[in-house]
Amino acid sequence: MVDKLNSVSPFRLSSLLRLQKDPKLALQLFLDPNPNSNPKQFKYTLLSYDLIITKLGRAKMFDELDQMLSKLKLETRFIPKEIMFCNVMTYYSRARMPEKALEIFDEVTSYRCRRTVKSLNSLLNGLLICREFDKMERIFMGINIFACPDACTYNIMINACQVHGDLSGASKLFNEMCERGFQPNTVTFATLIGGLCANSMLKEAFKLKRDMWRIYKVRPNCYVYASLMKGLCWANELTLALKLKDEMLDKKIQLDSAIYTSLISGLFKAGKKMEVYQVLEEMRRKNCKPDTATFNALIAGFCGERDFKLALRVLKEMEDVACKPDVVCYNILIRGYCKEGKLREATDLFEDMPRRGCTPDVVSYRILLDGLLDSLEFKEATFILDEMFFKGYSPHFSSINKFVDGLCQEGDIESLLVVLSTLANGKLIDAHTWQMAISTVCKVDLLNSCELLDNLVI
């Protein structure tokens with residue numbers, strides 16, 4: 001009697017799974033909800049499966065996720081919902097596992113679940129995340145085999161063309177979309193206009209904005225204006241950018257941080273630092289809180305002005321307002337320091353990043369390495385190179401050639417051999433680099449030259 005009172009019911013299991021934050025403990029609970037009874041007799045609910053699959057997918061525990069899917073396939077008391085498989089495809093895609101996403105798409109019907117255009121769109125979007133453009137095109141060409149496309153399908157394919165740099169293909173898809181009777185929406189136009197602006201085709205972008213309402217009766221939203229604002233600021237058309245901001249105010253379209261961030265970057269680029277303060281004051285008046293991108297734009301602007309005190313003040317302000325600086329923020333500062341030859345400050349900030357709760361990424365290492373090489377600090381650069389390979393990162397080939405060439409110019413054969421050994425272990429030396437290094441060693445020490453060749457063979 002006591003065991004029955006303490007046993008976990010299927011409904012209770014769902015509640016416990018929802019509360020459990022640790023995916024490993026959640027899995028253990030799912031597999032053995034009542035340790036004193038036979039787990040095969042437990043009647044799991046669809047909700048329990050949905051919860052555990054979501055937790056495992058978000059935690060990237062894919063072996064365990066496959067185990068749950070195999071168990072789900074054996075259930076006969078209910079039919080899984082299609083959204084569950086859409087989510088699974090997204091988990092695999094975010095982990096850059098496109099083949100697994102394709103496998104799930106193919107197996108949806110084996111779970112007795114009807115596959116619709118929702119699954120197809122999830123797959124296409126996942127392949128877009130993985131930049132599998134060829135696979136996307138093949139699926140889209142035979143799309144009628146799987147499902148009838150909708151506006152979302154075309155939006156995904158148009159976005160793929162924009163990312164791939166195929167503006168002509170995006171235009172053809174848009175025309176096909178309209179011919180087939182699918183109404184383009186704000187996502188469609190925001191994507192197309194964003195692509196045009198990114199390619200400095202501002203005239204065409206503004207024409208499409210006018211056509212949105214005049215022809216298609218779709219009102220431009222904040223995302224459309226954000227793309228146009230970014231394009232104008234990038235092209236240094238600040239007068240038009242400010243007029244566009246006024247137009248947004250007239251049409252009562254809320255100005256978000258993205259709009260102001262573009263303006264701040266544009267003003268810094270044009271050398272109008274004082275007007276940046278006016279924009280910040282306007283943000284304050286309109287209660288528009290700056291986000292990480294806004295702070296990064298400010299830091300980049302002040303670094304460009306060589307005003308590192310203000311840049312560091314912005315960094316401190318981010319921490320004060322609980323807006324955690326990201327790795328991009330630190331990379332901007334490190335790049336600014338390196339550009340001005342302030343290598344001590346750059347190195348100190350780089351080494352202090354983990355303490356500040358931000359781990360340097362491959363870009364951080366590459367920026368610092370290039371800064372050290374530009375200042376001929378080869379000893380420090382050697383340490384950074386070793387640490388890069390230890391972390392699994394690799395420098396640009398241009399940096400490798402600069403490094404080897406610099407050591408050759410210095411005649412530092414000992415350091416050259418150390419660097420070449422590190423690069424060889426990472427298989428990052430081309431024929432030109434070897435030829436340059438061997439030629440330098442031969443001029444100084446024939447014995448070391450033979451040793452270098454031996455290492456190359458090994």
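Start by selecting helix 14 (222-234) and helix 16 (residues 257-269). Their axes come within 9 Å and cross at roughly 5°. That makes helix 14 roughly parallel to helix 16. Some terms for the tour: axes are lines fitted to C-alpha atoms, for helices over the stretch in contact, with angles from 0 to 180 degrees between N-to-C directions. Angles under 35 degrees count as roughly parallel, over 145 as roughly antiparallel, 65 to 115 as roughly perpendicular, and the rest as oblique. Helices (H or I, at least four residues) and strands (E, at least two) are DSSP runs, numbered from the N terminus.

Before you go on, know that this model is predicted: local features need pLDDT of at least 70, side-chain atom pairs count only at pLDDT 80 or more, and totals for chains, interfaces and linings use all residues. Residues are numbered from 1 along each chain as its sequence is written, and side-chain values use heavy atoms, leaving out hydrogens and water.

**Stop 1: between helix 14 and helix 16**

Show the side chains of Cys222, Tyr225, Ala226, Met229, Lys230, Cys233 and Trp234 in helix 14; they meet Ile259, Ser262, Leu263, Gly266 and Lys269 in helix 16. Contact here means heavy atoms within 4.5 Å. These residues divide into eight nonpolar, two polar and two charged. In this scheme Ala, Val, Leu, Ile, Met, Phe, Trp, Tyr, Cys and Pro count as nonpolar, Asp, Glu, Lys and Arg as charged, and the others, Gly among them, as polar.

Now click on Ser262, in helix 16. Is Ser262 buried or exposed? Ser262 is buried, with a relative accessible area of 13%. (Buried means under 20% relative accessible area, exposed over 50%, and partly exposed in between, using a 1.4 Å probe and protein chains only.) Not counting residues up to four places away in sequence, Ser262 touches Ala226, Met229, Lys230 and Cys233.

**Stop 2: two loop residues**

Most residues other than glycine have a negative phi. Select Asn236, in the loop between helix 14 and helix 15 (238-250). Its phi is near 65°, a positive value in a residue other than glycine. Asn236 is partly exposed, with a relative accessible area of 41%.

Then move to Ala322, in the loop between helix 19 (308-320) and helix 20 (327-339). Phi of Ala322 is also positive, near 60°. Ala322 is exposed, with a relative accessible area of 73%.

**Stop 3: helix 18 and helix 20**

Select helix 18 (residues 292-304) together with helix 20: their axes come within 9 Å and cross at roughly 0°. Helix 18 and helix 20 are therefore roughly parallel to each other. Colour Asn296, Ile299, Ala300 and Cys303 of helix 18, then Val328, Cys329, Ile332, Leu333 and Gly336 of helix 20, to see where the two helices meet. The residues of this contact divide into seven nonpolar, two polar and no charged.

**Stop 4: helix 3 and its two sides**

Jump to helix 3 (residues 23-31), where Pro23, Ala26, Leu27 and Phe30 are buried. They cover an arc of only 100° around the axis, which puts them on the same side of helix 3. The arc is that of the directions from the helix axis to the C-beta atoms. On the other side of helix 3, look for Lys24 and Gln28, which are exposed. What covers the buried residues? The cover includes helix 2 (10-19), helix 4 and helix 5 (62-73).

Finish here with Asp22, which caps the N-terminal end of helix 3: a side-chain oxygen of Asp22 lies 2.9 Å from the backbone nitrogen of Lys24.

**Stop 5: helix 4 and helix 6**

Next, select helix 4 (residues 46-58) and helix 6 (residues 82-94), whose axes come within 10 Å and cross at roughly 10°. These helices are therefore roughly parallel to each other. Helix 4 brings Leu46, Asp50, Ile53, Thr54, Gly57 and Arg58 to the contact, and helix 6 brings Met84, Val88 and Tyr91. The residues divide into five nonpolar, two polar and two charged.

**Stop 6: Phe133**

Last, find Phe133 in helix 9 (residues 133-141). At 18% relative accessibility, Phe133 counts as buried. Leaving aside neighbours within four places in sequence, Phe133 is in contact with Leu128, Ala160, Val163 and His164. Which distance separates Phe133 from Met157 in space? They are 9.3 Å apart, C-alpha to C-alpha, and 24 residues apart in sequence.

Terms used
A polar contact is a pair of N or O atoms within 3.5 Å; within protein, one must be able to donate a hydrogen and the other to accept it, and residues adjacent in sequence count only if both atoms are side-chain atoms.
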